[in-house]
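Reader: I'm new to this one. Can you show it to me and walk me through it?
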Amino acid sequence: MNTLLCIPLLVLLGTLVPLCSTRYSRTACAFLTAALPAVALFLVLQLAPAILDGQRFQTAIEWVPSLGLSLAFRLDGLSLLFSLLILGIGLLVILYARYYLSSNDNIGKFFCYLILFMFAMLGVVMSDNLIQMWVFWELTSISSFLLISFWGHKSDARKGARMALTITGTGGLFLLAGLLMLGNVVGSFELQTVLDSGDMIRASSTYPIITVLILIGAFTKSAQFPFHFWLPNAMAAPTPVSAYLHSATMVKAGIFLMARFYPSLAGTDLWFLMVSMTGLATFLLGGYLALFQHDLKGLLANSTISHLGLITLLLGMGSDLALVAAIFHIINHATFKASLFMAAGIIDHESGSRDMRQLNGLWKYMPYTATLAMVASMAMAGVPLLNGFLSKEMFFNETLHQNSLGSISWMVPVLATLGGVLSVAYSLRFIHDVFFNGEPINLPKTPHEPPRYMRVPVEVLVALCLAVGIFPSFIVGDLLYSASNAALNGDVPSYSLAIWHGFNIPLLMSAIALVGGLVVYYNRQHLFKFQAQFPTNDPKILFERAIQQLVSKATWFIGFTENGSLQRYMYFLMMLTIVVSAYPLLDLDATAGHRPEIPLDALSITGAVLLSLASLATVIWHRRRMVALLTLSVVGLIVTLAFARFSAPDLALTQLSVEVVTIILLMLALFFLPQKTPKESSPRRVVRDLGISAMIGGIVGTVIFALMTRPLDTISDFFTENSKTGGGGTNVVNVILVDFRGFDTLGEITVLGIAALGIFKLIARMRLYMPSSNEQGRPWSSDRHPLMLSVVSQSLLPLALLVSAYIFLRGHNMPGGGFIAGLITSVAIIQQYVAHGVDWIKDRLKLDYQIMIGSGIGIATLTGLGSWLFGRPFLTSWFDYFYLPVIGKFELASAMLFDLGVFLTVVGATMLILANLGQLTTSERAVYEEEA
Amino acid sequence: MEGIYAFCVGLMTACGIFLTLRGRTFSVVVGLTLLSYAVNLFLFASGRLKLDAAAVLGMSEEYGDPLPQALVLTAIVIGFAMTAFAVILAMRARADLGNDHVDGRIPQTKESARQKAGGQR
């Protein structure tokens, strides 16, 4: 198996490990959990040298090629960079979480969600197919939801999780629409094809829609203005989650998406304006909001928003160099922000509070952690010799060289410097407010240093901040180059990762930011006072209110449409039928077509009049149920005659026998149901229903008239021509049933069998009151089985069975066949039940109808499978002619065996229904003990 | 001929629909049966009406369309199974719920509510 496929699959497998190992100690669970991702990381590192040399790995397993769906993974520079971040920081987070979570938390469940997220995120960055990428994208939203709501007993966690899922999930739907349109324009969902056809995409008329849709997806995920508010609320998650998902990886998915589709979508004014302006607004807003947070994690969350805005701004600047800077800052931000979150978690864990108004002077209590946190926040502020400084210098440099805003382009570097000032100010606040600034106030615990290994992840990350800051090109030079190469789809501009570029304007901007940040922080009390004048709008409350309104509206709507009344559903269904079926009729010019009509004759008119009267009588007398049943049977008989008249002998025979069975069934049912229907429909309801049924009747009549009077272009000629030569029978209808469309028939007898078994189960535990008299109080006759009927029907039975056999055998060539023969046999047996009663039959007729259904379907299926023995497709039929003395020439066909299966199923199903229902009327009915 | 055929199908459909919209299970079953007659005739007629043209080779000059016939034949049998299922379900519902209303409970009309209130007084 190839290595590329193993990387995500190993991680997927890893989701099960914590669930299995949760019963061991927490340390063991953490180490076992880390094992598979570690192997995956090792595999990635093994492939890394080749990728840094410019190679690209791809693998694909076709799934539905015609729809462009496949399981396709790729590993190029950009994917490599993200995979390293995801797996590397993921492993550190596992170690950290082992110490962060208390023994009350279900650590197995937590790790399972975390690894699930890791898998989803790896899937996003490694996908080589747009649809697959989207599926993983949504999976990150879902696993993020599970992780934020990990402490489900907290209202904040539930609300924050719901908000995050709503925002990112909705964005995901926009993204799906965009990706589908994008795939449609390109004609392929393969990523490389999409990346290579940038010019075509930008020239297409749907380009603006695609871009806006995909950007909405990216902006919601990466918490860009105006969707930024979900991120601070996601801080209700355990801190390892915040460090991993909401700073280092998941929120970068949106950024990744923009970088990934940079060759396809960027390069137009629409892209530049939308991306850069959104990024700039988010950069400033996030920085401003961060300054006023009292919650440690709130500050970090808002600063994350700000830095994500910075990266977005870089991606929207339209220069390739800015893209390189953006990718560089992705790395740097992931390292310093993850370590800051971890430090914040340690502080929270060891002091019991995250409120910066309480946390002061922690330097004395945890100097080691304080040093690490201070280095990381200096990286965040952009202090020289740390990684944040380098990418921020590149950012300042780019703002100076862009001109996408024309003559007001100068505002961008000014605003960027302002953003820099804010970021220095909140970084200072993080350092000064927490570690210095007097003594702690009312802390729940006395702060102290964390366990040794809880600090390790922070140490690793802070060491990386320093290493990148001091030896940038040595540590990340190759990685940055190959990631930029992949994101740009070739042609990386020349850039320098040196620490010192001489005295230039970006350095001046950095200096202004540092000094400005100091000034702002020094005067923070005035700013806080100013900010306090604004009413606080908690997005959580606003969001909850909107959700509540939506829920109550939806509840009302569901209550209105789904009130549990079948009558209402039928009404809606019928109205829909009218609308859907009447609308196309508006386009039909004339009702009648040009096909010549058959002249009327007296017989047909008589039949039609009888049919109409009987149908109307059924409706008019529907409250007197027995009468309605009699008129209904008149309708059925005339339908039978109609089939016979219009050249369908098979249908006439079937309808006739079904008619008998149906009416007997309904009469039996009526024995247990009320004999009369009470009058309860309001006049309004009656008029409404009359209107609806008249409309539908009119439409149906119109359609069938229009159909019948138009010429027919049928595929049936094929059946007529091949019936004798291919199917070996002259009755085309039967040959279609058992041969041409035998598979349909197999399905149909299966349905029949299932329905019969369902009925059997329904009858089995039925507890019905058995009336001893009719509605008028007249008792039922005590002579249940009149002698005359018994004698006559008994002598009729062999005759009926003979007719049935005859009909069955001739079915292939003359009207008849398994269905009809089965029904005739059923009628004959039912007659015996009626004449003799259930007990009498039970003693004499040892038939298990369930086995009969099973063997019927079995025979039909085996006949079909038999053709496999001869290397033919399922249900290929065989026939030949034989000669026997006395009998003469006769035909044998495999189709007859199939028809036997049909016969058995029909008899079994019909008898299972009727015999069991009939049994209810006798002493044979099963008696169930009432529950005491 | 086609005209009265279409009329009959339309009328049966209308009658069937009216009955399926009623509130008691037995009426609905009768309505469904009527409706399935109409549907079968409808499908059958999509092969056009022909006199003396059974689709048996060698029996007549021309042949009616055998395909709709084959489809309708199975539809008749399945229709029976469906009717049977519906009516048994209706019986079961009556046994378990104590009434034969399609909603499983007798709906409160204004009149019956008034009667109830009167009875309590």
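Author: A term to start: a salt bridge is a side-chain nitrogen of Lys or Arg within 4 Å of a carboxyl oxygen of Asp or Glu. The side chains of B:Asp100 and A:Arg625 form one, at 2.9 Å from N to O.

Reader: Where do these numbers come from?
Author: This is a predicted model; local features need pLDDT of at least 70, side-chain atom pairs count only at pLDDT 80 or more, and totals for chains, interfaces and linings use all residues. Residues are numbered from 1 along each chain as its sequence is written, chains are lettered from A and ligands numbered from 1 in the order in which they are written, and side-chain values use heavy atoms, leaving out hydrogens and water.

Reader: How many salt bridges are there between chain B and chain A?
Author: The count is 4.

Reader: Which helix of chain B gives the most to the side that touches chain A?
Author: Helix 3 of chain B, with 23 residues. Helix 3 spans 66–97. Helices (H or I, at least four residues) and strands (E, at least two) are DSSP runs, numbered from the N terminus.

Reader: New topic. Why is strand 2 of chain A largely enclosed?
Author: Because 6 of its 7 residues (69–75) are buried. Buried means under 20% relative accessible area, with a 1.4 Å probe and protein chains only.

Reader: In what sense does strand 2 of chain A pair with strand 1?
Author: Antiparallel, over 7 bridges. Two strands pair if DSSP finds at least two bridges between them. A:Gln58 has A:Arg74 as its bridge partner.

Reader: And the turn?
Author: The two strands of chain A, 1 and 2, form a hairpin with 4 residues between them. A:Gly68 in the turn has a positive phi of about 75°.

Definitions and conventions
Buried < 20%, exposed > 50% of the residue type's maximum accessible area, 1.4 Å probe, protein only.
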